[in-house]
Amino acid sequence: MRENPADLLPELFILGAAVIGLLTGSFLPRTRQWVVAALSVLGLVAGLVAATLAARRADLMTFDAFMLDPITHVTRIVVLAATLLVIVLALGPMRGHRRESEFYVLILMAALGTIMLGAASDLLVLVAAYLLASIPGYALAGFGKDAPGTEAALKYYLVGAFLGILMLAGVTLLYGLGRGTSYESLRAELVAAPDGAVMVGVVLLLAGLLFKAGAVPAHFWVPDVTEGAPPVVAAFVTTVPKIGAFAALYRFAAEALPPGVGDWPLLIAVIATATMTLGNLAAFRQDNVRRLLAYSTVSQAGYLLVPVAMTGRTDLAEPALLFYLAAYAITNIGAFAIVIAVGRDNLGAYGALIRRSRLLAVSLVICLLGLVGTPPTAVFVGKLLLFGAALDGDYAWLAAVAAVNSVASVFYYLRWIVPAFAGDSDRDESLDRTAQWTAYLAAAISLALGIGSGVALSIG
């Protein structure tokens, strides 16, 4: 068994930044808490460099439970990059806050748990990662200590705790049936177990992972947390945890489930259909942009479940999932950066945004139409890949459902875009400069990733 701590260098950088930041913040005056933000940025950048270098190595298992392969490499890079953008977005709103240090530490710990989710190849490590990714999120949701935030945090915690218990029950059942917790042993032993019992354990395990993914039927927390939590927290919880959740779902299906056990593709396809459809229907009449983005992230979870359903049925499933995760993460953070830049949640506040900032209005178009899957954005390429995966996996009906939902989503995104170019302008309100530049960067990366998708996919 390989036990080289250097294999976990990106994770150690995040953990080190969190621990040092917490200790440093305990002794700094409130006016100098920005030092912890700088430490967090330094740790994330160092982790990003280490993760990029590690991606060039051959696949290996370390500590008998942590798989280092393309899924882990992409999870690491996307989580680190997305968390770095969130930290940058938080610099303005958190400056001088009496719990500024704690905020950055909680973000780092949740990001660490998310990476562990995507890399775990053992059920016990998966549960530990679930808790590490979840518990800091509960505290972040109520960070504002106001009524909406408190309600959001309570709902987030109760749903997470309940579904976490179901997940533990599923782990216990699968452990009993598979005589072990490692994915390798489960794949070997579950062949002889009763299909019905295996599927009960799988469904219970799905409860926790679907909660982290924000998918139906574990999506109820998403709109309330997105609206009630601080905008920066909303950007984080609707983006980063999803990355680890979908990577964990794919890895579990590919490495732990024996071929032919139960009907995994149909189960996930039905959940994907319900998720993308419900998310779109709920978003149609939203006048609050944060709730609109919340239901948008629910529908995006449905699209991301399509390649998960095709696990083992086509070679397109893995690249489709990994590329879409990267595309979604950068585009969703860009959309939230625009919300933070404007500083208001009602659609009317975005009237004639183009007169206040042309680049921000253009970024809004790129990010929102990017979430639809409009060329040449990154999500467009991701959707092409998932459509191809569904067709190649003999699930043409699922590709059709995803295409119809993509077209339908244009309606509610246009309800946000049109006023930005045709409504009345409110020139008295200033824009958050840091958030503006973050939105510009996210929009530019989305276009660059879409245009250069051939290079990105060939590297992968």
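1. Thr-181 sits in the loop between helix H6 (147–178) and helix H7 (183–189); helices here are DSSP runs of H or I with at least four residues, numbered from the N terminus. Thr-181 counts as buried because its relative accessibility is 15%, where buried means under 20% relative accessible area, exposed over 50% and partly exposed in between (1.4 Å probe, protein chains only). Leaving aside residues up to four places away in sequence, Thr-181 touches Asp-122, Leu-123, Leu-124, Tyr-175 and Leu-186, contact meaning heavy atoms within 4.5 Å.

2. This is a predicted model, in which local features need pLDDT of at least 70 and side-chain atom pairs count only at pLDDT 80 or more, while totals for chains, interfaces and linings use all residues. Residues are numbered from 1 along each chain as its sequence is written, and side-chain values use heavy atoms, with hydrogens and water left out.

3. The chain is divided into domain 1 (1–161 + 221–253) and domain 2 (266–459), with bounds from an automatic or database domain assignment. Between them, the two domains bury about 2,800 Å², 77% of it on carbon and sulfur atoms; buried area is the accessible area (1.4 Å probe) that two parts lose on being put together, summed over both. In domain 1, Leu-89, Phe-246 and Tyr-250 lose the most area to domain 2, together 26% of what that side buries.

4. Across the interface of domain 1 and domain 2 the rule finds two salt bridges, each being a side-chain nitrogen of Lys or Arg within 4 Å of a carboxyl oxygen of Asp or Glu.

5. A search of the whole structure finds nine salt bridges. One of them joins Arg-76 to Glu-11, with the closest N and O atoms 2.7 Å apart. This pair links distant parts of the chain, Arg-76 being in helix H3 and Glu-11 in helix H1 (residues 9–25), 65 residues apart. Both Arg-76 and Glu-11 are buried.

6. Glu-255 and Arg-251 also form a salt bridge (2.7 Å, N to O). Both lie in helix H11, four residues apart, about one turn of the helix. Glu-255 is partly exposed, at 21% relative accessible area, whereas Arg-251 is buried, at 0%.

Note on methods. Helices (H or I, at least four residues) and strands (E, at least two) are DSSP runs, numbered from the N terminus.
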